[in-house]
Amino acid sequence: MIQRKFNQSYIVGIASGKGGVGKSIVTVNLAETLVQMGYRVAVVDADLGLSNCAALINESIPGTVLDVMNGKSTINEIILETDGGYSLVTGADEPDVDVMDWSVLYPTLDQVLRKLRTENDFILIDTPAGASDLSFWALDRADIGLLVVVGEPTAISDVYRFCKFVLEVDPTYPFAAVVNFAENEDDAHNVLKRFNTIVNHFMNREFPYLGFVPMDDLVRKSVSDQLPVTRSNPDSHVSKEINFVSSALVGLSQKKTGMAAKKPVPKVSHA
Ligand SMILES: Nc1ncnc2c1ncn2[C@@H]1O[C@H](COP(=O)(O)OP(=O)(O)OP(=O)(O)O)[C@@H](O)[C@H]1O
Ligand SMILES: [Mg+2]
């Protein structure tokens, strides 16, 4: 088993205003690449009801946070050790949100997070589309909100409204952006520039660029094959770009106070 490298976890909330922009694809592929880099990683699929991280990697979930909340499972029982080498916790797998007691749900999610923090360098939280309470829970617990931005004007206005909501509560909230469905690096920079122009104009902020994921049929294929592209095609262009995003996250995580990698154990001299 991989030993964790950090003394504490770096939590990433993956969010967007709009649905279908690639949050779950980005989440699982970042998890895959961070494990390949030697980090201990957990994914929390907080898209309650429409969770699909497990389906993206062809795994069956042993239980959900909802089961813990209802006393049907323990936290340990719902942590799935995936073939990709990371842990996966699924919030719920049924769309009937009426069965949820929200006042118990959040403390249960927090308990799960506390457990994952004891074991992982990175915790990636995949959030639902839109400005749901769950997205705000994830961002509140995260060290960084990773926005998945795409070039369509409707998507840009949705992600802007989402950020505005957060920045009105906390103007210093640490967002960063990854551009999905980009044609190439220039296109990705242009998309983020357009987005940052709006954010700067209205909110006086600009979000750092962590990289892009090209529009690539390999990604579409990876969804039907239920095998993340970074595992099936690690040398592809798309996987290399996702690796850059992971490296950028590692860089950010190391800036977190007290986040330095564990000091190497000094060699004991037997002389
Ligand atoms: N870079 C890409 N290239 C090609 N297709 C992509 C790319 N990223 C995502 N897709 C396609 O978009 C679909 C939606 O992606 P994904 O499920 O990750 O979005 P999401 O933001 O998590 O959606 P939701 O809001 O419903 O949770 C994928 O099934 C895939 O077919
Ligand atoms: Mg999703």
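**Exercise 1. The ligand shell**

The shell around ligand 1 divides into eight nonpolar, six polar and four charged residues. Here Ala, Val, Leu, Ile, Met, Phe, Trp, Tyr, Cys and Pro count as nonpolar, Asp, Glu, Lys and Arg as charged, and the others, Gly among them, as polar. Before we go on, note that this is a predicted model, in which local features need pLDDT of at least 70 and side-chain atom pairs count only at pLDDT 80 or more, while totals for chains, interfaces and linings use all residues. Residues are numbered from 1 along each chain as its sequence is written, and chains are lettered from A and ligands numbered from 1 in the order in which they are written.

Task: find which residues are closest to ligand 1, and which elements each supply at least two residues of its shell.

Solution. 
- Step 1: a residue is near the ligand if its C-beta atom, placed from the backbone, lies within 6 Å of it.
- Step 2: by that rule 18 residues surround ligand 1, and the closest are Gly19, Gly22, Ser24, Ile25 and Ala129.
- Step 3: helices (H or I, at least four residues) and strands (E, at least two) are DSSP runs, numbered from the N terminus. H1, E7 and H9 each give the shell at least two residues.

**Exercise 2. Ordering the sheet**

Task: work out the order of the eight strands in the open sheet and name the edge strands.

Solution. 
- Step 1: strands of a sheet pair through backbone hydrogen bonds, either parallel or antiparallel. Two strands are taken as paired if DSSP finds at least two bridges between them.
- Step 2: E3 and E4 (residues 87-90) pair in the antiparallel sense over two bridges. Glu81 stands opposite Ser87, and Leu80 has Leu88 as its bridge partner.
- Step 3: E3 and E4 form a hairpin with five residues between them, and Gly85 in the turn has a positive phi of about 90°.
- Step 4: E2 runs parallel to E4, joined by four bridges. Val44 is partnered by Val89, and Ala42 stands opposite Ser87.
- Step 5: E2 (residues 41-45) is also parallel to E5, with five bridges. Val43 has Leu124 as its partner, while Asp45 stands opposite Asp126.
- Step 6: five bridges join E1 to E5, again running parallel, and Gly13 is partnered by Ile125.
- Step 7: The edges are E3 (80-81) and E8, each pairing on one side only.

**Exercise 3. Buried or exposed?**

Task: decide how many residues of E5 are buried, and whether Phe202 is buried or exposed.

Solution. 
- Step 1: a residue is buried if 20 or more other C-beta atoms lie within 10 Å of its own, exposed if 12 or fewer, and partly exposed in between, with C-beta atoms placed from the backbone.
- Step 2: in E5 (residues 122-126), five of the five residues are buried. Phe122, Leu124 and Asp126 point one way and Ile123 and Ile125 the other.
- Step 3: E2 also has five of its five residues buried, with Val41, Val43 and Asp45 on one side and Ala42 and Val44 on the other.
- Step 4: both faces of E4 are covered too, with Ser87 and Val89 on one side and Leu88 and Thr90 on the other.
- Step 5: Phe202 is found in H8 (residues 185-203). Phe202 counts as exposed because it has 12 C-beta neighbours inside 10 Å.
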